[in-house]
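Subject: Handover of a structure and notes on its contents

Dear colleague,

Please find below the structure that I am handing over to you. My notes on what was found in it follow directly after.

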Amino acid sequence: MTTLHEASLQSLLSDDDRARLREIFGQRVAFDEALAPYTWWRIGGPADAFVRVETEAELAALFGLAFKRKLPWFVLGSGSNLLVGDGGIRGIVVRLSGAFSSVAVGGDASTVTVDAGAAASMPLLVMQAASHGALGIDGLAGIPGSVGGSLRMNAGTDREFGEFVRDVVVQTPAKPEPHSVSPQYFYRHTTLAQDAIVARVSLAFARGDVAAVREATKSRLVRRKNTQPLTFPNAGSCFRNPPGEKAGRLIEAIGAKGWREGDAEVSEQHANFIVNRGAATAADVASLLARVRRAVAEQFAIELELEVHFVGVFA
Ligand SMILES: Cc1cc2nc3c(=O)[nH]c(=O)nc-3n(C[C@H](O)[C@H](O)[C@H](O)COP(=O)(O)OP(=O)(O)OC[C@H]3O[C@@H](n4cnc5c(N)ncnc54)[C@H](O)[C@@H]3O)c2cc1C
């Protein structure tokens with residue numbers, strides 16, 4: 001007899017599904033592909049299929065197949081805000097690449113515009129925008145994600161991604177052709193539909209002095225280097241800051257720095273970061289997060305909310 005857990009580990013793809021994916025994507029589809037290398041935590045079991053999608057037409061074709069065969073899918077950006085379960089992800093994991101990685105900077109005397117594909121790297125976008133004097137871009141410096149993931153998360157610091165968005169083009173299973181949407185942006189989340197994949201984004205910034213913007217960007221990066229545990233795999237801040245509070249301060253106050261579950265450890269340098277000291281599993285990270293959350297609730301009566309997204313099968 002197969003247990004429920006065993007069943008959750010079985011691939012959902014039939015031989016026909018695999019053949020069709022191979023037909024559309026050739027060597028750009030991998031089956032039973034370990035996801036750990038694609039996440040910043042270096043944690044996560046296999047995807048039934050891992051597909052590198054290079055064009056909007058390919059994404060539309062993939063949606064067509066997933067819809068017809070009732071296959072679940074998940075879009076993975078740079079994996080810098082994700083905890084993928086040790087049991088992996090059933091169905092298709094989509095990784096945008098190719099034409100989705102473009103970044104084009106333009107504008108006029110008063111404005112810097114950036115048109116970027118969803119797979120473009122934020123550090124690259126920030127560097128290019130800063131070198132054109134995009135005011136406020138320093139607030140996005142040091143965020144390691146992709147453009148699509150950063151839009152989904154409304155990533156930021158004192159400035160947020162959503163502040164600069166002028167247009168968002170998405171594709172969905174119901175409407176696979178690229179089309180514009182206007183999500184609303186909140187602290188670390190948006191109203192973007194769950195089943196929408198961001199294909200490209202247009203941003204606009206007031207134009208400022210190039211040297212000053214570059215300097216501001218550089219000093220943000222230096223500050224991060226000095227305050228964040230960047231030598232061990234991590235996913236940035238694990239919990240959202242509660243209103244008027246800092247999650248890191250609360251976690252430090254309960255004495256959690258250095259707490260461990262397996263190889264997962266609450267960073268000594270930044271209490272809201274959990275680092276992978278080597279062979280941490282998703283189960284280790286999940287139980288450490290739960291322990292921290294419980295202790296903060298007991299001491300401060302504050303329920304911390306996760307910023308990192310959990311995805312896939314957890315034991
Ligand atoms: C060292 C470090 C520092 C960080 N600092 C910050 C910070 O200062 N501020 C901050 O806000 N965050 C920070 N983060 C978290 C993370 O970088 C951001 O949340 C980032 O925007 C996530 O982008 P990603 O491409 O890695 O998304 P992923 O982690 O791959 O995915 C996150 C979510 O976005 C969805 N997604 C990804 N691509 C798309 C797409 N094309 N369309 C629709 N949905 C998509 C995924 O399905 C998932 O639900 C940090 C992380 C690290 C590791």
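Where in the chain is the place of Ala120? Ala120 is found in the loop between strand S7 (111-117) and helix H4 (122-130). Please bear in mind throughout that this is a predicted model.

The chain as a whole

The chain contains eight helices and 16 strands. The C-alpha trace spans about 60 × 50 × 30 Å along its principal axes. For 315 residues, a compact globule would have a radius of gyration near 20 Å, and the chain agrees with this because its own value is 20 Å. Of the 315 residues, 47% count as buried. As for contacts between residues at least 6 apart in sequence, 66% of them join residues at least 24 apart.

Leaving aside residues up to four places away in sequence, Ala120 touches Phe100, Ser101, Ser102, Val103, Gly145, Ser146 and Val147. Between Ala120 and Phe232 there are 112 residues in sequence and 24 Å in space, C-alpha to C-alpha.

Asp138 also belongs to a loop, namely the one between H4 and helix H5 (147-153). Is Asp138 buried or exposed? Asp138 is buried, with a relative accessible area of 16%. With residues up to four places away in sequence again left out, Asp138 touches Ala216, Thr217 and Arg220.

In general, the strands of a sheet pair through backbone hydrogen bonds, either parallel or antiparallel.

Within this sheet, strand S8 (residues 165-171) is mostly covered, as five of its seven residues are buried. How many bridges join S8 to strand S12 (residues 197-206)? Six bridges join S8 to S12, and the two strands run antiparallel. At this pairing, Gln171 stands opposite Ile197 in S12. S8 is also joined to strand S9 (residues 179-181), in this case by three bridges, and these strands likewise run antiparallel. Val169 has Ser180 in S9 as its bridge partner, while Val170 stands opposite His179 in S9.

The packing of helices H2 and H3

Two packed helices are described by the angle between their axes and the distance between the axes. Helix H2 (residues 15-25) packs against helix H3 (residues 56-68) at an angle of about 170°, and their axes lie 11 Å apart. Because angles over 145 degrees count as roughly antiparallel, H2 is roughly antiparallel to H3. Which residues meet where these two helices come together? Arg20, Leu21 and Phe25 in H2 meet Glu58, Leu62 and Leu65 in H3. By class, the contact of H2 with H3 consists of four nonpolar and two charged residues, with no polar ones.

Two residues with positive phi

Most residues other than glycine have a negative phi. Asp32 has a phi near 50°, which is a positive value in a residue other than glycine. Asp32 lies in strand S1 (residues 29-34). With a relative accessible area of 45%, Asp32 is partly exposed.

Arg188 has a phi near 60°, again a positive value in a residue other than glycine. The loop that holds Arg188 runs between strand S10 (185-186) and strand S11 (189-190). Why does Arg188 count as buried? Its relative accessibility is 9%, and the cut-off for buried is under 20%, so Arg188 counts as buried.

With kind regards

Note on methods. Residues are numbered from 1 along each chain as its sequence is written. This is a predicted model: local features need pLDDT of at least 70, side-chain atom pairs count only at pLDDT 80 or more; totals for chains, interfaces and linings use all residues. Side-chain values use heavy atoms; hydrogens and water are left out. Axes are lines fitted to C-alpha atoms, for helices over the stretch in contact, and angles run from 0 to 180 degrees between N-to-C directions. Helices (H or I, at least four residues) and strands (E, at least two) are DSSP runs, numbered from the N terminus. Angles under 35 degrees count as roughly parallel, over 145 as roughly antiparallel, 65 to 115 as roughly perpendicular and the rest as oblique. Contact means heavy atoms within 4.5 Å. Ala, Val, Leu, Ile, Met, Phe, Trp, Tyr, Cys and Pro count as nonpolar, Asp, Glu, Lys and Arg as charged, and the others, Gly among them, as polar. Buried means under 20% relative accessible area, exposed over 50%, partly exposed in between (1.4 Å probe, protein chains only). Two strands pair if DSSP finds at least two bridges between them. The radius of gyration is taken over C-alpha atoms; the globule rule is 2.2 Å times the number of residues to the power 0.38.
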